[in-house]
Every structure is written in structure tokens, then in C-alpha cells.
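Trainee: I have a structure open and would like to learn how to read it. Could you take me through a few features?

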Amino acid sequence: MFARVNSLGLLGIDGFPIKVEADISQGLPGFDVVGLPGAAVRESRDRVRSSMKNCGFTYPVSRITVNLAPADIRKEGSVYDLPLLLALLKASGQLEMSLDDSAFVGELSLDGEVRPIRGVLPMVMAARDNGFQRVFVPEGNAAEGAVVDGIDVIAVSSVASLMGHLSGEKILSPAHPEDFPNLYLSDEETADFSDVCGQAAARRALEVAAAGAHNILMIGPPGSGKSMLARRLPSILPDMTQTEALEATKIHSIAGMLPGGSGLLKSRPFRSPHHGVSVAGLTGGGTVPRPGEASLSHHGVLFLDELPEFSRVAMESLRQPLEDSCVTISRVSASLTYPCSFMLVAAMNPCPCGYFGHPTRTCKCSPNAQQTYLSRISGPLLDRIDLHIEVPPVEYEQLSSKNPSESSASIRERVNAARAIQLERFRGTSVISNARIPAGMLRKVCAMTDDASSMLHGVFDRMGLSARAYDRLLKVARTIADLDSAEIIDTRHLSEAVQYRSLDRKYWRK
Ligand SMILES: Nc1ncnc2c1ncn2[C@@H]1O[C@H](COP(=O)(O)OP(=O)(O)OP(=O)(O)O)[C@@H](O)[C@H]1O
Ligand SMILES: [Mg+2]
């Protein structure tokens, strides 16, 4: 006897339909899986056999052949346990009803419990796009599945509850997004910019960076508040649009990083990998490819604290993703592309001892040691960072001042207003922020006054800017003008943008 049950697989960040086919025939008892199964799929047999027995069904002692179609795409993970169990039940005549308009995903425990899996959100989206009426998902993944409109998502906790539903004994109702609290990923909710004393220039630069999603590098002595400032950045980032939230949630779903019971990500991701991170950890990879930190920061922030301590290959591996906003991982089995449109925030000391240029302390580093330290950061990487700022030591008067600094909420209002102008400007295109203006659109959206234009000419010749640095300078000026609600870029806006580009000359080009 033969049976077919619908399921779903993952390819990069998208799901696709899979058919799990089971054939039971006469012959020596055996179990073969074909259709490029990975190790976890092969082990499915043992989980399915035990859960069938422990749920009161009979495991067919015959020759069993299972095919996962399409047969030329590699299948990974434990997601096919549940559809395989149903296919075997149907093929052995223990389950009669038609399941053609439904798709099933889920891992099984030996006693028939349905366990959560990775990637439910993109799978449910694929089920909807392929015309299924409903999709059965593990209860632990119900929240992310419920986010998708236009399809019934039914959460099952065990094989027994699924059988109760299929036989009509105890119908399970579809999951609704309102049933789940939205997930706020960042734990920085209590961290507020009002905690930061002084540092007016750094605060302003972070506001500009947040408003246009620009990359930023902070240089300063130990204890000046670089890490403190960066960790408060999520509190002033603009709200995510629905599309951004869906994309970011999809990647967290694939990486298995959505805590159970949580729906759509609402706050922008903030990732802060340790400097020992490998290239695969940063940009994605592994034998079964997974998204890396860069993709997990999609639409959010990738914070690299103590930048020179990162390995050179790890830093350089970010060059291409910073330009293209995506990472392509090629394996023999498939080539996968993960999006990674993130804002890079980096912090570092100016030299190994940390006190180069300090107003009161003397730096103990030899010029050579300092240059070696700085040269760990390559010119091309620096060129991709739009804003370079110095974070000087805080003065006593500022630290002991009774006047609280401006709060995150009020900075965020300005950032949100500037981002709203950008959303309006880029309506109908795939661009979402000034930092991502494509070359072809740059001249059109960055109109400037004649004075600003001649100032830019002078700056270009004097600073020896690269074509990329020139483009990035214009984009930052555009953001500063947006924060000022100005349509045309003025000399004020441009000179502030130029000031954010001058630090690399001070430290790197002596
Ligand atoms: N501007 C500031 N206002 C209030 N507190 C500050 C400020 N700067 C630093 N601090 C205090 O000093 C601590 C250390 O700051 P932080 O870790 O941000 O320094 P850093 O610049 O990252 O130093 P390092 O270069 O050693 O990493 C903070 O947790 C905070 O308590
Ligand atoms: Mg620090």
C-alpha cells in the first residue's frame, strides 16, 4: 500500500512544499529513506516506530520505502517525523481520511509528543503560498506560525491530540496572533540614554546613525562609555515596519532562536558577538548551513565591541555583506542566500594601552605598537563605516551634574520622524533607509545647494575621498538634512557629515 502526506522544507530563508511518500510492500522487513535525507531524517525511523507503538498503533513489519520529494534537494532536520508517521499510518490502513489539503511538520518524542522545530514561520508562509488550507505545527511553534495570515495554523502537542482532531473527537481551533505576546528581543529596555552623562557629540552621532541606519565606529580611551552608548542604541532605533519584522523573525525562526510562545519580533535585533567569533559564526555556515550573526542582525544592529581583537578574516568577511546586504553560502548540496541588511556599530581604543590622545594621561605605546594595533582594521573596512567618532573621557562636572541627559524616548521621536521621511521618499522601491540608497538614485535624492556643492568639491580634493566614501558622505548628509526636515542639503548638513569622516585621517593616515 502507498500513501502520500504533505510537509514543508527549508531552503535558505524560504520554505517549500515536500511530499512524504511511504510504500509498504511484501518482503523482508526493512526501512529505506530516499530523497537525499540528512542524518536526522534517517534517524526519524526510530522515533516514528517508538511513537507509533507507544500511541497504540501497529508498526508495519514489512518492507517500507520512504521517499521525500522533490528528491534532488537535501532534507535536514527532524521536521518530517510527524508527516512520516501519518504516511505510515495511511499506508498500513490505520488512518483513512484524506489529508490532501493540509501540511504537517514536527519532531516526535518516543512517546508521541510533538516537539518544536526550526523554521516554522517560513514553512507556514510556503504552505499558504502553495494553496494549503491548514498546516499542523508543534505547539511550541504556534506563535510564529500564527503570524501568517490566510491559512489555518493548528498547534498539536501530541500524536494523540492530532488523532483526536482528525477523527473529529476533539477539534483543535486555529491559533490566532492575539493569543501570543509579541516578543521583545532586546534586554536593553531598561537601558536609557538618560544614564549617559555628557558625550553630546557621540549621542548626536548615534542619533544620526540610527536615523539613517548608518555604520558607526567609536574610538576612545577605556571607560569613556563606548560600550555603554552602543548598548543604549536599541532604545532609539526606529520602529520596524511589518515587512521588516517578518523578515527578521523568519531568520530567527530558521536559526531556532525564537523563544517558545513568542510571535513576531517587534524590536530591532541587537547582536553583540564576542571577538572570538569565527567567520562561519559571523556570516553563517556550517555543514548544515545556518544564518550567522550578520543575518541575525538583519534590520537591526551588529555591535562589534573591541574591534581590533576580532580576527582579521572575521572582519574582512563582513566586507561583502556590508555592500550587498546578503551572504551566499555555497555547499555541494545547495547554495543558500541569507539577507543581512544590518547597521554595523564598532567600538575600539585608539592604541593598545588605550590612552593615546588622552588629555591627562600619557600613552605608553611606541608609535610602532600603535600603528600595528590600528592596522588590524583594514582600509576597505574603514571605508565602509560612514561615521567615525571620538568618545573622549567624561569630565567630572558632567558626571556629577544633577541635570539628567535627554531620554531615549525623546531622541527616538526625532529618529522616527526622520525615518518616516525616508519611507515616504523610497515608497515603491526596495530601499528602506538612506544608508541603502543605490548609486543610481543618489544624485536624485541628494539634491544640494550651490554652496554645499562647491564645498563638497573642495572636501573631495582635500580629503582624498574614495568614490565609496564620497557616496557615503552624501548619504549621511541626506540623513542629517532629514533630521532637520530639510529637503535640500545645505552646507550645515554637509559640514556635519564631513566632520564624521575626519577621524580615520587622524589615526590611520599619518
Ligand atoms: N558618559 C558616561 N556617563 C555615565 N557613566 C559612564 C559614562 N561613561 C562611562 N560610564 C560608566 O563607566 C562604565 C564603563 O563604561 P564602558 O564600558 O562603556 O566603557 P568603554 O568606553 O566601553 O571602555 P573600554 O574601552 O574599556 O571597553 C559604564 O558602565 C558606566 O557605569
Ligand atoms: Mg567597552
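**Reading the model**

Mentor: Gladly, and let us start with exposure: Gly30 counts as exposed because it has 9 C-beta neighbours inside 10 Å. The cut-offs are 20 or more other C-beta atoms within 10 Å for buried, 12 or fewer for exposed and partly exposed in between, with C-beta atoms placed from the backbone. This is a predicted model, where local features need pLDDT of at least 70, side-chain atom pairs count only at pLDDT 80 or more, and totals for chains, interfaces and linings use all residues. Residues are numbered from 1 along each chain as its sequence is written, while chains are lettered from A and ligands numbered from 1 in the order in which they are written.

Trainee: Which residues does Gly30 touch?

Mentor: Contact means C-beta atoms, placed from the backbone, within 7 Å. Leaving out residues up to four places away in sequence, Gly30 touches Arg63 and Ile64. Gly30 lies in strand S3 (residues 30-34); strands (E, at least two residues) and helices (H or I, at least four) are DSSP runs numbered from the N terminus.

Trainee: How far apart are the end C-alpha atoms of helix H19?

Mentor: The expected span is 1.5 Å times one less than the number of residues. For the 14 residues of H19 (residues 450-463) that should be 20 Å, and the end C-alpha atoms are 20 Å apart, which agrees. After H19 comes Gly464, whose phi is positive, near 60°.

Trainee: Which helix gives the most to the shell around ligand 1?

Mentor: Helix H8 (residues 226-231), with three residues.

Note on methods: Contact = placed C-beta atoms within 7 Å.
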